[in-house]
Amino acid sequence: MSYERLLTARRHINERRFREAIVELHVVLENETKPSQTEETLELLALANFKAAHLTEAERLARQLISSRPTNAYAHTILVRSLERQSRHEEAARAKTLAVA
């Protein structure tokens with residue numbers, strides 16, 4: 001069931017239906033117990049929020065992903081882009097420096 005919802009969420013993202021993807025991904029997170037699936041779901045949720053211009057939520061999710069796995073390059077990218085789109089350029093530059101380190 002979770003896998004089907006994850007595929008549905010991916011399809012929504014590809015079709016630029018970000019709100020629907022966010023709803024699906026929240027359902028997946030509520031039912032998911034595997035850490036690897038949870039991380040993938042959080043990454044997709046961060047992306048969907050970023051694409052839907054829910055930038056503070058995308059930032060929060062990216063920071064959550066980074067705190068659990070600091071080497072997550074995708075989460076660093078979403079964090080930097082979210083900060084840039086919020087015109088928080090100094091923070092984005094610091095985040096970019098940390099991502100490269």
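Which residue forms a salt bridge with R17, and how far apart are the closest N and O atoms? In this predicted model, the partner of R17 is E15, with the closest N and O atoms 2.8 Å apart.

**View 1. The salt bridge between R17 and E15.** R17 has a relative accessible area of 34% and is therefore classed as partly exposed. E15, at 40% relative accessibility, also counts as partly exposed. The pair belongs to a network of salt bridges that links R11, E15, R17 and E20. Across the whole structure, a search finds 12 salt bridges. Side chains of opposite charge can pair when their charged atoms come close.

**View 2. The salt bridge between E39 and R69.** The closest N and O atoms of E39 and R69 are 2.7 Å apart. R69 is partly exposed, with a relative accessible area of 34%.

**View 3. N72 in the loop between α4 and α5.** The loop that holds N72 is situated between α4 (55–68) and α5 (73–85). N72 counts as buried because its relative accessibility is 2%, the cut-off for this class being under 20%. When residues up to four places away in sequence are not counted, N72 touches E39, E43 and L65. E39, one of these contacts of N72, is also the residue that forms a salt bridge with R69.

**View 4. The largest nonpolar core.** This core has 28 residues, of which I13, L25, A48, I78 and L79 touch the most other members. At least two residues of the core are supplied by each of α1 (2–14), α2 (18–31), α3 (35–51), α4, α5 and α6 (89–100). The largest share, 7 residues, comes from α3. In soluble globular proteins, nonpolar side chains tend to be buried together.

**View 5. The surroundings of L79.** L79 is among the core residues that touch the most other members. Leaving aside residues up to four places away in sequence, L79 touches E59, A62, R63, I66 and A95.

**View 6. The salt bridge between R88 and E91.** The closest N and O atoms of R88 and E91 are 2.8 Å apart. R88 is partly exposed, at a relative accessible area of 24%. E91 has a relative accessible area of 27% and is likewise partly exposed.

How values were computed. Residues numbered from 1 in each chain as written. Predicted model: local features only at pLDDT ≥ 70, side-chain atom pairs only at ≥ 80, totals over all residues. Heavy atoms only, no water. Helix = DSSP H or I, 4+ residues; strand = E, 2+ residues; numbered from the N terminus. Buried < 20%, exposed > 50% of the residue type's maximum accessible area, 1.4 Å probe, protein only. Contact = heavy atoms within 4.5 Å. Core = buried A, V, L, I, M, F, W, Y, C linked by side-chain atoms within 4.5 Å. Salt bridge = Lys/Arg side-chain N within 4 Å of Asp/Glu carboxyl O.
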